[in-house]
Amino acid sequence: MADDERTGPPPSGDAVPVATPVRGGRPLTIGQVCKLLGSEFPDISISKIRYLEEQKLLTPRRTSGGYRLFTTEDVERLRTILRLQRDEFLPLRVIRQELAAGRGQDAPRVGGAPEPDGEPAAHRAGPITLRGGGTAVHTVEQLCDDTRATPALVKELRDFGVIQGTTRDGAIVFDDDEREIVRAAVELSRYGVGGRHLRVLRSSADREGALLEQLLGPALRSRSQERRTEAVEALETLAATTMRLKHLLLVRDLRRLVP
């Protein structure tokens, strides 16, 4: 049996010294790690952990006999990687960047608990996926039923260019993205925010989109499928980072208003 397929400790010749300074106990073999994380990640496997190591996302130490040994920190790092893949659908390249930046080293917090960098989880921008968008369409009536918007609000949002809609079979319909925009507008309308106010946000989004297009437009239009794929991944990363920066700037400015 190959060394990594074992679920128990290494042979006696490779036993881990009890004095090994590992937080929370002695190191684990790759098989033990699979068992430990199996309930949370049913698709975890020895081959998957090996692959993550090949991609330089994990660096467990080796015994003289070639056994991989995982410390508590290694296991927590692996748990973070698996959660970022499962919950946020991040590619490995982006996960590597997140880990290198010192973010997400521990299990995701809930309830607004602080992240390692001191920022509450609720303040962190989520991932952006630009591929495979929803194709569902919604009429004005369906949009209003789903979001509790009034037809007058939908018209106002269209008049100010916040949403656009498309014409299909003589009727105006909206996609899933615009439905979510309307849903957010309904929440803001409770505070007196109307379409004319949201036009400022629309203009800001247009400028940011133009900037990102300027940076990545040539690669996105490349004849190379590989280059286009890489450009889309970069665009998703830049969009998420831009949102995070804009959020932080807004929070900084608004804190000046709080006594």
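Which residue in β5 is the bridge partner of H138? In this predicted model, H138 is bridged to F174 of β5.

**Strand pairing**

The bridge of H138 and F174 belongs to an antiparallel arrangement in which β3 (residues 137-139) and β5 (residues 171-175) are joined by three bridges. Strand β5 also pairs with β4 (residues 166-168), again in the antiparallel sense and over three bridges. Here R168 lies opposite A171 of β5. Two residues separate the strands in the hairpin of β4 and β5, and D169 adopts a positive phi near 55 degrees in that hairpin.

**Helix α7**

Helix α7 covers residues 176-189. The 14 residues of α7 should span 20 Å at 1.5 Å a residue, and the end C-alpha atoms of α7 are 20 Å apart, so the two values agree.

The buried residues of α7 are D176, E178, R179, V182, A185 and V186. These buried residues pack against β3 and β5, and also against the helices α5 (140-147), α6 (151-159) and α8 (195-220). In an α-helix, residues three or four places apart point the same way, because there are 3.6 residues a turn.

**Cysteines**

The structure contains zero disulfides.

| Residue | Relative accessible area | Class |
|---|---|---|
| C34 | 13% | buried |
| C144 | 11% | buried |

C34 therefore counts as buried at 13%, and C144 is likewise buried at 11%.

Note on methods. Residues are numbered from 1 along each chain as its sequence is written. This is a predicted model: local features need pLDDT of at least 70, side-chain atom pairs count only at pLDDT 80 or more; totals for chains, interfaces and linings use all residues. Side-chain values use heavy atoms; hydrogens and water are left out. Two strands pair if DSSP finds at least two bridges between them. Helices (H or I, at least four residues) and strands (E, at least two) are DSSP runs, numbered from the N terminus. A disulfide is a pair of cysteine sulfur atoms within 2.5 Å. Buried means under 20% relative accessible area, exposed over 50%, partly exposed in between (1.4 Å probe, protein chains only). The expected span of a helix is 1.5 Å times one less than its number of residues. Contact means heavy atoms within 4.5 Å.
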